[in-house]
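These are notes for a colleague going through the model. The points are numbered so that they can be checked one at a time.

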Amino acid sequence: MGDRALVNRAASPDWLAFCRECGDDIANALSRLPARADREGVLGTGVGGDETTVVDDAAERAVVARLEALHADEVEFTLVSEELGERKFGDGELRIVVDPIDGSVNAKRILPFFSFSIAIANGPRMGDVQFGYVRDLGSGEEWWAVRGSGAWLDGRRLGDERPKDELELLLLEGTYTSNIAKLAPAFVGLAYRLRVMGSLALALCQLAAGRADAVASLRPIRALDIAAAQLLLHETELAIDLPDAPPFEESPLDTVARSRVVAGAGADVCARLAAQLEPGAQRRSSWRKRRPERSLG
């Protein structure tokens, strides 16, 4: 089977089944690392520049084993992965973009909010992604999207529950303490509440489901961090942008961190978020009425 035929399978259950098998293999690998001490040992530095911990390595090995079996079935592709970088399995134009663990700090600390994501593309750009899959390895929720056909959460079609234009809940990622101290004040008046969850892929999925109203990363991200989840936003007619390196659809599917990311209900929300990330940004309120402070949540 050639790479073109494989991409055409994006509209069938085959890719979903393959991704589920990868997710099951990762879950099984992690079950053999039940404690923080088992997971957090540092083995080196990945191509993306982050530390490779035992939990990252175990997850990637599980996925690569599946991909090697796929190549044995005469499928040619280029793997793009946070730890390994780019690895060719033949000469096909197909690209398989993998983040074995998005939210590695949560994973190694046994905090149940981290994910496995995989994107299938028939070219080297973000706009070439045809299929995206994200599994929440804490809750077990599965998110996937097929270009031109829609997006789903556990088999339920997404799109009816929309984010709010008035930002009640903004999810921030790339959040070292120094980034929060420097940039979070700029969102006063723009977003009523902030959440810092620890997995950018899952944050974008929450937006696609209407559980959050916007997402912003406070530091540059890699395409592989969002390659799968961004397709859910595309298929639910939500907006996402890389304000430091536009245009979004032309962004290379590689391991280079080029831009922060912003996402919301529409391009206007993205523009407002991007403006607040700029040095010296003026605080501009989007709230038309005061909301009472009723809880500490």
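Which residues are linked with Arg20 in a network of salt bridges?

1. The model is predicted. In it, Arg20, Asp24, Arg135 and Glu142 are linked in a network of salt bridges. Arginine 135 also stands opposite glutamate 142 in β8. The strands β7 (129–136) and β8 (142–146) run antiparallel and are joined by five bridges.

2. The structure holds 17 salt bridges. One of them is formed by the side chains of arginine 66 and aspartate 25, at 2.5 Å from N to O. Arginine 66 lies in helix α4 (residues 54–72) and aspartate 25 in helix α2 (residues 13–31), so the partners are 41 residues apart and the pair links distant parts of the chain. Arginine 66 counts as partly exposed because its relative accessibility is 30%, and the limit for buried is under 20%.

3. The side chains of arginine 222 and glutamate 82 form a salt bridge at 2.7 Å (N to O). Arginine 222 belongs to strand β14 (residues 221–222), while glutamate 82 sits in the loop between β3 (77–81) and β4 (85–89), 140 residues apart. Arginine 222 counts as buried at 10% relative accessibility, and glutamate 82 is buried as well, with a relative accessible area of 7%.

4. Glutamate 141 and arginine 211 meet through their side chains in a salt bridge of 2.9 Å, N to O. Glutamate 141 is in the loop between β7 and β8, and arginine 211 is in the loop between α7 and β13, 70 residues apart. Here glutamate 141 counts as buried at 17% relative accessibility, whereas arginine 211 is partly exposed, with a relative accessible area of 40%.

5. Eight strands make an open sheet with mixed pairing, in the order β4-β3-β5-β6-β7-β8-β9-β10. Its edge strands, β4 and β10 (156–157), each pair on one side only.

6. β6 deserves a separate look. Seven of its seven residues are buried.

7. α4 lies across β3, β4, β5 (95–102) and β6, and runs at about 155 degrees to β5. α7 touches β5, β6, β7 and β8, and its direction makes about 100 degrees with that of β7.

8. A further open sheet has five strands in the order β12-β11-β13-β17-β15, again with mixed pairing. β12 (191–196) and β15 (239–241) stand at the edges with a single partner strand each, so one side of each is left without a neighbour in the sheet. From one strand to the next, the twist averages 15 degrees. Strands β13 (residues 214–217) and β17 (residues 262–264) run antiparallel and are joined by three bridges; alanine 216 has valine 262 in β17 as its bridge partner.

9. α7 lies across β11, β13, β15 and β17 as well, running at about 160 degrees to β13. Helix α10 (residues 267–277) lies across β11, β13, β15 and β17, at about 145 degrees to β17.

10. The largest nonpolar core has 43 residues, and Trp143, Leu204 and Ile226 have the most contacts inside it. Elements that each supply at least two residues include β6 (115–121), β11 (167–173), α8 (223–226) and α9 (229–235). α7 gives the most, with eight residues. Leaving aside neighbours within four places in sequence, tryptophan 143 is in contact with residues including Trp152, Leu158, Leu202, Arg211 and Leu232. A second, separate core of 33 residues includes Leu70, Phe131, Tyr133 and Leu137.

Conventions:
Residues numbered from 1 in each chain as written. Predicted model: local features only at pLDDT ≥ 70, side-chain atom pairs only at ≥ 80, totals over all residues. Heavy atoms only, no water. Core = buried A, V, L, I, M, F, W, Y, C linked by side-chain atoms within 4.5 Å. Buried < 20%, exposed > 50% of the residue type's maximum accessible area, 1.4 Å probe, protein only. Helix = DSSP H or I, 4+ residues; strand = E, 2+ residues; numbered from the N terminus. Contact = heavy atoms within 4.5 Å. Pairing = 2+ DSSP bridges. Axes fitted to C-alpha atoms, helices over the stretch in contact; angles between N-to-C directions. Salt bridge = Lys/Arg side-chain N within 4 Å of Asp/Glu carboxyl O.
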